[in-house]
Amino acid sequence: MTQQDQGAGPSRRGGRFRMPSRKGASAGAVAPVAEAPTGATGGRAWAVSGTTSRGIRQITQPITRRVEQVAGQTEGVWRPVAGILRWISPLGWTILALGVVCWVIGARWGWTELLMVAAAALVLFLVCFVLALGRTKVRILAEVDPRRVVVGEPATGRILVTNEARTPMLPILVELPVGLSAARFVLPALTPGNAHEELFVVPTSRRGVIQVGPATTVQGDPLGLMRRQLTWTERTELFVHPRTVALESLGAGLLRDLEGSTTEDVSMSDLAFHALREYQPGDDRRYIHWRSSAKAGRLLVRQFLDTRRSHVTVIVDPDPEQYRSGHGKTGRTDRDVERDVMAANAPTAIQADVETAISVGSSIMVRVMLDEQDCTMVCGDQKVSRAVPQVGLDAMSRVDPGPVDLFAVSLDATDLAPDTSTVFFVTGPHRPFIELQRAAGQFPPEVTRVIIVVDPLADHGLRRGGGLTILTLSALEDLRPLLFTGVAR
């Protein structure tokens, strides 16, 4: 068979014989069609999907831009309408829907009773809407005095409302959020220019930061179909500081440092010159003052005052699980915890020892700062370094009890205060001793390391071991004698 006959014969592709295409034969040469290799179906689907997504985006983007443009141009129209619709409460929407549905059904089937219900519902809705109308023009002053108190100290506030409108103001409701609750005052009718004052008490039984405000006026109807709120003041904070005890000057953690503060201790080698004295056997001859010795006829040596530095770091463990009162370490059942949670003082009952630990750390911090020494305090996510007592106590008010990595906290403390001379760890009896050793090991060997264990079931005492001074106290009042015995010098 010739080559031409072979080209005219049937062709084999994919194991099957196919007849040549008459259209291709008549048209001449035909370009071969490339087939996708096996396993390329996923890639083709991905390509089709990507093409479809791009096509959808190309179609929707002009529409989206057009909608945004129209919304921006008509903002002056729809924004007031949206603000008015926010006045309607869920009960108001229910009454409105009931009126519309009853009207449609009654008109469709001629049900007179439903038409009467629809008319009553719609009239009630309109009357409540009219009651919510009107312009309120007042000036509200809400303040709390004092802004910083200690746990248990009274804190009072007042709210002063002045009618600045030219017309008399009808009785209105004023709401002032105070922490998790809210104080509500029904103001009497006020003539133009008159003011009304109300007093309120802020509960300060727990440490923390209490948010007061913003003050809002509520205008609506007695049934609650409409509720129109206007905000008049900013939010303020009331700091409830932890309890502290007065401590004597620690005098601890003093390291000799040529750049430190001058003390009353006499030294033979420092920078702060004090006086001259007679030479004694063993004195360093470098400190002989030869000119004064020649005048006096005897050897005189220089005498200095020690310059020392002190930077105290306080690390408080805020994990309730490490203390006696924490759930999971005391053998208390879930029913006991549930009973405490239902009680009014549940957080205080569960976290009582944590609050004592925060008070212990805050007492040390305040004493160090009053001694005009540098202090760094770390408790949970709150970190304070080289500040005044007020700033430090404000930070302690913001502490939320929770689990912490004591080793990581120690690393943060060393970064904040690399020149620490004394470090205090305040924790509970359930914190493993090996973790305390690892955390204390992040500080240099010359640093004085003190562990304060808060355990209400143990007798207060002092012991030393592993390069640590361990103080155990059962109450905050035990801190002063323990520090004086074991740390102060």
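This is a predicted model: local features need pLDDT of at least 70, side-chain atom pairs count only at pLDDT 80 or more; totals for chains, interfaces and linings use all residues.
Residues are numbered from 1 along each chain as its sequence is written, and side-chain values use heavy atoms, with hydrogens and water left out.

Back to Ala 357. This residue sits in helix H10, residues 352-370; helices are DSSP runs of H or I with at least four residues, strands are runs of E with at least two, and both are numbered from the N terminus. Ala 357 counts as buried because its relative accessibility is 0%. The scale is simple: buried is under 20% relative accessible area, exposed is over 50%, and partly exposed lies in between (1.4 Å probe, protein chains only). Along the chain Gly 428 is 71 residues from Ala 357, yet their C-alpha atoms are separated by 8.1 Å.

Now for the nonpolar cores, meaning sets of buried Ala, Val, Leu, Ile, Met, Phe, Trp, Tyr and Cys residues joined through side-chain atoms within 4.5 Å. The largest one has 34 residues, and the members touching the most others are Ile 364, Phe 424, Ile 452, Leu 479 and Leu 483. Among the elements that give two or more residues to this core are strand S16 (311-316), strand S19 (422-427) and strand S20 (448-454). H10 is the top contributor to this core, with 9 residues. A second, separate core holds 23 residues, including Val 138, Ala 155, Ile 172 and Val 178.

Next, have a look at the open sheet built from 3 strands in the order S3-S5-S8, with antiparallel pairing. Two strands pair if DSSP finds at least two bridges between them. S3 and strand S8 (195-202) are the edge strands, each with a single partner, so one side of each has no neighbour in the sheet. On average, neighbouring strands here are turned by 15° against each other, direction ignored; the axes are lines fitted to C-alpha atoms (for helices over the stretch in contact), and angles run from 0 to 180 degrees between N-to-C directions. S5 and S8 are joined by 8 bridges, and Arg 158 has Leu 199 as its bridge partner in S8.

Side chains of opposite charge can pair when their charged atoms come close. A salt bridge is a side-chain nitrogen of Lys or Arg within 4 Å of a carboxyl oxygen of Asp or Glu, and by this rule there are 18 salt bridges. In one of them, Arg 158 meets Glu 143 at 2.6 Å, N to O. Arg 158 is partly exposed at 24%, and Glu 143 is partly exposed at 34%. Glu 143, Arg 158 and Glu 197 are linked in a salt-bridge network.

Two further pairs reach across the chain. Glu 175 bonds with Arg 227 in a salt bridge, the closest N and O atoms being 2.9 Å apart; they lie in strands S6 and S11, 52 residues apart. Glu 175 is buried at 10%, whereas Arg 227 is partly exposed at 36%. Arg 243 forms a salt bridge with Glu 477 at 3.9 Å, and these two loop residues are 234 residues apart.
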